[in-house]
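Dear colleague,

I am passing on the structure below, and after it you will find my notes on what came out of the analysis. Please read them with the model open beside you.

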Amino acid sequence: MKYSLLASISATALVMSSSALAQDQIEWSGFGSIAAGMTTGSNDQLFGYDNDLDFNPGSLFALQAKANLSDKLSVTTQIMSRGSEDFDLGVEWAYLQYQLTDSASVNVGKLRLPFYMYSDYLDVGYSYHWLRTPQSVYRVPFDNYTGVSFQHNAFVGDFTFNTQVVAGNMQDDISVIGGETAEAELNNLIGFNTSAMYSNLTMRVAYYQTNDANIQLRGIDGDVDALLTLLEQVGADQIIAELDASEDKGTFAGVGVMYDNFDWFVGAEYTELELENSYVPKQRSAYITAGKRFDSWALHATYGKTDDKVMNPERFAVPDPQLQAVVNQAANIVVTETAYSSIGVNFNIAPSAVLKFDVTHADNKLTDESDVLASAAVQFVF
């Protein structure tokens, strides 16, 4: 049903775009990023880049259309082409919006899941100072959901509050163990985020949960299949249940703060993600960033860190020492403890375009390996 709804909304937008009468009522906008990067070490790999200069991982183009169907009802769709996906076109957003009052609205369709402070602008690199959002925090392997959101703005004294409540489902292919792709599904997803703005200060809290999270592990990797088959043969069904993500409860919580007086800025985010009774560890992530603007250019630096933890490791206990070693490896395969340090400089080259340079160093505490990525991008809106 959710995909029928999405198809209907997209079709409505296309019909609107084909109507001569509607041409004047459609608001067109877009954005893009042409990015290039390479690691400095021959064996280094980071954010999809390696030691060969590559333009694909960070490049994207998007076009958005919004049509007003009445003074309160509108439809918006956004199509995007990502270099990391061979520039195949995809529908990123497609939703109906009904304006209930001047301060409240309801959206229905395919929407951005607002986990983070910059979720709404996640792909619009021009809107933030980084070349890419800090991967220490912005690492949940899906960005959108299909469902409904209610948004409300309120003014209390000198504060402005923006609250968003969401409910829906997510079904997508996500990157899991060793970069392999698996089918994932979240049902009964609900949550909220609230931002409070006072002068140049913005503070934000967010919380989301699902009671039915599923990730299909079988068939994505031969080693995983072999381990699950071996566990079945020895009757360790409980271990399989603990490793498998099936109808599990998942939670996401985050806090963020940003102070920006248009001369200099400093901010931070901290998030925790937990998928109970599965191989996914508790993911604790954070970053702090600061920068200074000088006329048409800006300098900034960011430090981020991941600190994952396997919860209740005793649930993976098996009597066979050799099998235990394999199970432990599987239970820890997606655990990360990595520190990211980056420095960047931006130059405004046009009223709606910025040239960015970034150097990021990643230090993996578990493997004692480090990678350095140098990248540049022109990011723009129109």
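Is Asp363 buried, partly exposed or exposed? Asp363 is partly exposed, because its relative accessibility is 21%, and a residue counts as buried only under 20%. Please keep in mind throughout that this is a predicted model.

Asp363 also takes part in a salt bridge with Lys365, in which the closest N and O atoms are 3.0 Å apart, and Lys365 is partly exposed as well, at 47% relative accessibility. The count of salt bridges comes to eleven. Another of them joins Arg132 to Asp358, with a distance of 3.6 Å between the closest N and O atoms. Arg132 lies in the loop between β5 and β6 while Asp358 belongs to strand β15, so this pair ties together parts that are 226 residues apart in sequence. Arg132 counts as buried, at 17% relative accessibility, and so does Asp358, at 8%.

A further salt bridge is formed by the side chains of Lys292 and Asp263, at 2.8 Å from N to O. This pair links distant parts of the chain, with Lys292 in strand β12 and Asp263 in the loop between β10 and β11, 29 residues apart. Lys292 is partly exposed, with a relative accessible area of 30%, and Asp263 is likewise partly exposed, at 35%. Finally, Arg82, Glu92, Arg112 and Asp123 are linked in a network of salt bridges.

The loop that holds Asp263 also contains Phe262, which has a positive phi of about 70° although it is not a glycine. Most residues other than glycine have a negative phi. Phe262 counts as exposed, at 66% relative accessibility, and its backbone nitrogen is reached at 2.8 Å by the side chain of Asp260, a residue of strand β10. Not counting residues up to four places away in sequence, Asp260 touches Asn200, Phe265 and Arg293. A positive phi, of about 55°, is also found at Asn188, again not a glycine; Asn188 lies in strand β8 and is partly exposed, at 46% relative accessibility.

Turning to the nonpolar residues, the largest core has 55 members, of which Phe115, Tyr118, Tyr138, Phe142, Ile215, Leu231 and Leu243 touch the most other members. Leaving aside neighbours within four places in sequence, Phe115 is in contact with Val140, Phe142, Arg204, Ala206, Tyr208 and Phe252. A second, separate core has eight residues, including Ala35, Tyr49, Ala362 and Leu373. On the surface, a nonpolar patch with about 720 Å² of accessible area together is formed by nine listed residues, among them Tyr98, Phe150, Val205 and Tyr270. Val205 is part of strand β9 and is partly exposed, with a relative accessible area of 38%.

Ser81, in strand β3, is buried at 9% relative accessibility, and its side chain reaches the backbone oxygen of Phe87 at 2.8 Å. Beyond four places in sequence, the residues that Ser81 touches include Ser59, Phe61 and Asp88. Phe61 lies in strand β2 and is partly exposed, at 37% relative accessibility; its contacts, with neighbours within four places left aside, include Phe31, Ile79, Phe87 and Phe380. The C-alpha atoms of Phe61 and Asp237, which are 176 residues apart along the chain, are separated by 46 Å.

With best regards

Conventions
Residues numbered from 1 in each chain as written. Predicted model: local features only at pLDDT ≥ 70, side-chain atom pairs only at ≥ 80, totals over all residues. Heavy atoms only, no water. Helix = DSSP H or I, 4+ residues; strand = E, 2+ residues; numbered from the N terminus. Buried < 20%, exposed > 50% of the residue type's maximum accessible area, 1.4 Å probe, protein only. Core = buried A, V, L, I, M, F, W, Y, C linked by side-chain atoms within 4.5 Å. Contact = heavy atoms within 4.5 Å. Patch = residues over 30% accessible without salt bridge, like charges linked within 9 Å, V, L, I, M, F, W, Y side chains within 5 Å. Areas by Shrake-Rupley, 256 points an atom, 1.4 Å probe, with all protein chains shown as cover. Salt bridge = Lys/Arg side-chain N within 4 Å of Asp/Glu carboxyl O. Polar contact = N/O pair within 3.5 Å; in protein donor to acceptor, adjacent residues only side chain to side chain.
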